[in-house]
Structure formats: C-alpha cells, structure tokens
Amino acid sequence: MTSVFDRPPGPRRILAIDGGGIRGALAVGLIERIEATLRQKLGRPDLVLADYFDLIGGTSTGAIIAAGLALGRDAAYLRKLYHTLGPRVFGHGGFRIPLIQPRFDPKRLEEVIHEELGDVTLETAAWKTGFAAVAKRVDTGSSWLLTNCPGARYWAGSPNAHPSDPAHLTTANKDYSLAKVVQASAAAPFYFDMVKMEVRAGEPGVFFDGAMTPHGNPVLQLAMAALVPGYGIGWSAGADKLMIVSVGTGQPHPVKPGWVQHPATLAIWKAIHALTSIAYDNSQLGIAVLQWLGESPRRWPINRDIGGLENSLPAGYPPLWTFVRYDAPLEGPWLQEHIGEAFTPEVLARLSRLDDETQVPELFRIGQATGAALVRPEHFPDVFDP
C-alpha cells in the first residue's frame, strides 16, 4: 500500500492541535475558518484539510481532532462529533467513588472513539494524509510520538533483532489500534483511567494523556518529527519548504491564586496550580521556539519581555520554517480586544473547564469568531499551495 509519506518532493505543511478536553470545540471553530479560508483561496469548495496538510497531529483532544482530519473528514463532521462526544463522555451518570475512581467512566470515551475510528490500525486506517499523536507512557516515564509513517523506527517492530535480544518481541507500531492510540493520548489523569497497549509480546505499556508530557501543545514535537532523521519522515527545513500551523484550545494564562497570601493552604492545591502552570509554560515555549527559529506572517505574543520574537533569528541562520499560531485565550481583555465581546469572570471560568459539556456550543462559537478575526489567506503563502 502506498504511504502518504511517499508523495513527490516539495513544500510540506503541518497542522498541530493542542490538548484541552472539551475545549477542543473551540479548536474546531478555528479549524472551520482555516478550512473555509483554504477552500476560497484555492478555489476548491470541497477541500478538506487532509488535502492541504501533509501531517496532522495532536495531543489529547487534539489527537481526536487530528485523527478525524487525517482520515479526510471535514470541520462539519468534527462540530457534530463534539456535540455528541460532550454529553456522552462528560455527562454525569453512574456513581463514581471520589479519589478512588476517575471522575468519568473511561468506557464512555473508549466507546465513542472506537465508534468513530473503527477496528483499524495505524497501518490499515484509510489515511488521506500523515497522522501523529502524543501520549505519556507512565511505566517508563517517557513521551511517545506515534505516527502512521512507515519510516518510524519501530513501524515494523524490531525484525532484525537477534532472538536473544528482548527487542525482537517489540510490537510493530503499524499494528497498534488507532482507537487505542487516540484513547491513550486523551486519557487525562483524574478524569479518565490509564490505557494499556501491548508494547512487547505479553508486556503491556501503560499510558496517560499526552498533556502530561511537555507536548500538550505538540507543535515543537511535530516540527522535530518532520526534521529529525530518527523519526523517519525526513522533510527539508526552510521558510519556503516547511509550513507549521498551530491551533490552540483557549488555555488562559494562569492567574495569581488567592491562597498566595495564606500559607496554610493545602499542599495539594499548590501542587495542582504548579502543574497547570507548567502546562501553560510548555505550550508557550513551543510557540516561542517556532517563532524564534522561523518566519511568521502573524506572530503570537509570548510575554512582555520578548513579544513575538520579531527579528530574533540568530545571525547568519536561515529560518527553518514558516509558522503561524491561532488560539482564543479565554481571558476577558483578550476576547474583548479581538472579537469585541465581554465575558464575566464566572462565564470564563466555566468556559475554561476541561469537562463542562454544556459549553460546547459557546466554545465553538468563540472559535468561529476568533477565526474570522485572525485567519487570513495571506497566512498561507502561495509557495505552499498543493
């Protein structure tokens, strides 16, 4: 079977989608605008993003979106999926034992993903383009990037390993269930349970949500996958050779917690705040690196010190890629400035949750409005037209 990675040489395009639970609906709103923009720019009213992007990858909820897109589905399909997925996965029903069981029944998530993706593997799925998902292997503490690229080191297992070498029992990546890979990427601690996949004959690996790695925003990992030989993709760097589009899920900037003035606050709340802050920092680092080492038609502000890293490319080094970031941080001032709407702190708090399925319509609408405000045809240079 011909691989999508066997396409003729030429400029390549990557779409990276953040994690964020039910806030994936916001990313879908942005994706709808990207799809509409490319359809108009290229004069192809039936275009799907798999026709434009050569690799679509995500973490957690982003992996769910990425799988759908890489299989050739459109934004309308994803919008319907999140309206269905929200109540089924995050709706209340059935007794759960606090601190003993995950908050939601993991079988619900497994059922929805399996229904949507079917009994296919990374090799046998009807791919229209490249796919990648990030997961955290808990039992070894390692980040895993699983793709449908036949050039990946363990795509066929370790067929050349000596029978005395335990590596010869390695499960071929091509045989991993696509539904299991996506479920593993989305298995958020506290909300769902760990996911097991056989990594060697008779030996399961245990996986959690890919947002438990530095790649909750997978953009830096996907850039490395495209260019680092060990990942087997082998594309070329250059502002006219590689384009990377990053789509967020509205993660707001961490706010100063009220317990700062109260040292007696339970340590668990301090730890939770620290972990959520790390997730935000990791995302900003990925965006910063992509903007530092590349060109960008629309720069995303990192902080007050460095802005969007304009004119920061190291002297004498050509840009490695063209990069653009789209997101709608769920912060009052940002939304007021960019889409002209005011939101109360209470509404923003509900929108920011990872598990409030009642917010799907509003999250999608905010993504649409932000896409209309931010996404422009000129962000997709003609040199990258397929």
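Helices (H or I, at least four residues) and strands (E, at least two) are DSSP runs, numbered from the N terminus. By that rule, the protein chain has 11 helices and nine strands. The model is a predicted one, in which local features need a pLDDT of at least 70 and side-chain atom pairs count only at pLDDT 80 or more, while totals for chains, interfaces and linings use all residues. Residues are numbered from 1 along each chain as its sequence is written, and side-chain values use heavy atoms, leaving out hydrogens and water.

The pLDDT, the predictor's confidence in each residue on a scale from 0 to 100, averages 88 over the protein chain, and 87% of the residues score at least 70. Over residues 95-102, however, the pLDDT is below 50, and this stretch has 11 contacts in the model beyond near neighbours in sequence; a contact means heavy atoms within 4.5 Å. Where pLDDT is low, the predicted coordinates should not be read in detail.

Of the contacts in the protein chain with a separation of 6 or more, 71% are between residues 24 or more positions apart. Of the 386 residues, 50% count as buried, where buried means under 20% relative accessible area, exposed over 50%, and partly exposed in between (1.4 Å probe, protein chains only).

Gly-238 lies in the loop between α7 (219-227) and β7 (242-247) and is buried, with a relative accessible area of 10%. Leaving aside residues up to four places away in sequence, Gly-238 touches Pro-319, Leu-320 and Trp-321. Gly-238 and Pro-11 are 227 residues apart in sequence, yet their C-alpha atoms are 9.1 Å apart in space. Glu-123, in the loop between α5 and β3 (130-137), counts as partly exposed because its relative accessibility is 30%. Its C-alpha atom is separated by 8.4 Å from that of Asn-173, 50 residues away along the chain.

Next come the aromatic rings. Rings of Phe, Tyr and Trp (its six-membered ring) pair if their centres lie within 6.5 Å; planes under 30 degrees apart count as stacked, over 60 as edge-to-face and the rest as tilted. The structure holds six such aromatic pairs. One of them joins Tyr-52 and Phe-53, edge-to-face at 5.0 Å centre to centre with 80° between the planes. Trp-144 and Phe-207 also form an edge-to-face pair, because their planes stand at 75°, with ring centres 5.0 Å apart. This pair links distant parts of the chain, with Trp-144 in strand β4 (residues 142-147) and Phe-207 in strand β6 (residues 203-209), 63 residues apart. Both Trp-144 and Phe-207 are buried. Tyr-52 is buried at 0% relative accessibility, and Phe-53 is buried at 0% as well. Tyr-52, Phe-53 and Phe-380 form one aromatic cluster.

On a 1 Å grid over the protein atoms alone, a cavity is a set of points where a 1.4 Å probe fits but cannot get out, and lining residues have an atom within 4 Å of a point. Grid points are joined across faces, edges and corners, and a volume is the space filled by probe spheres set on the points. The structure holds one cavity of 30 Å³ or more, and the largest cavity has a volume of about 70 Å³. Its lining includes Ile-64, Arg-73, Tyr-77, Glu-116 and Val-182. The elements giving two or more residues to this lining are α3 (61-70), α4 (75-90) and α5 (106-117), and α5 gives the most, with four residues.

Terms used:
1 Å grid on protein atoms, 1.4 Å probe; cavity = no way out; pocket = protein on both sides within 12 Å on 5 of 7 lines; lining within 4 Å.
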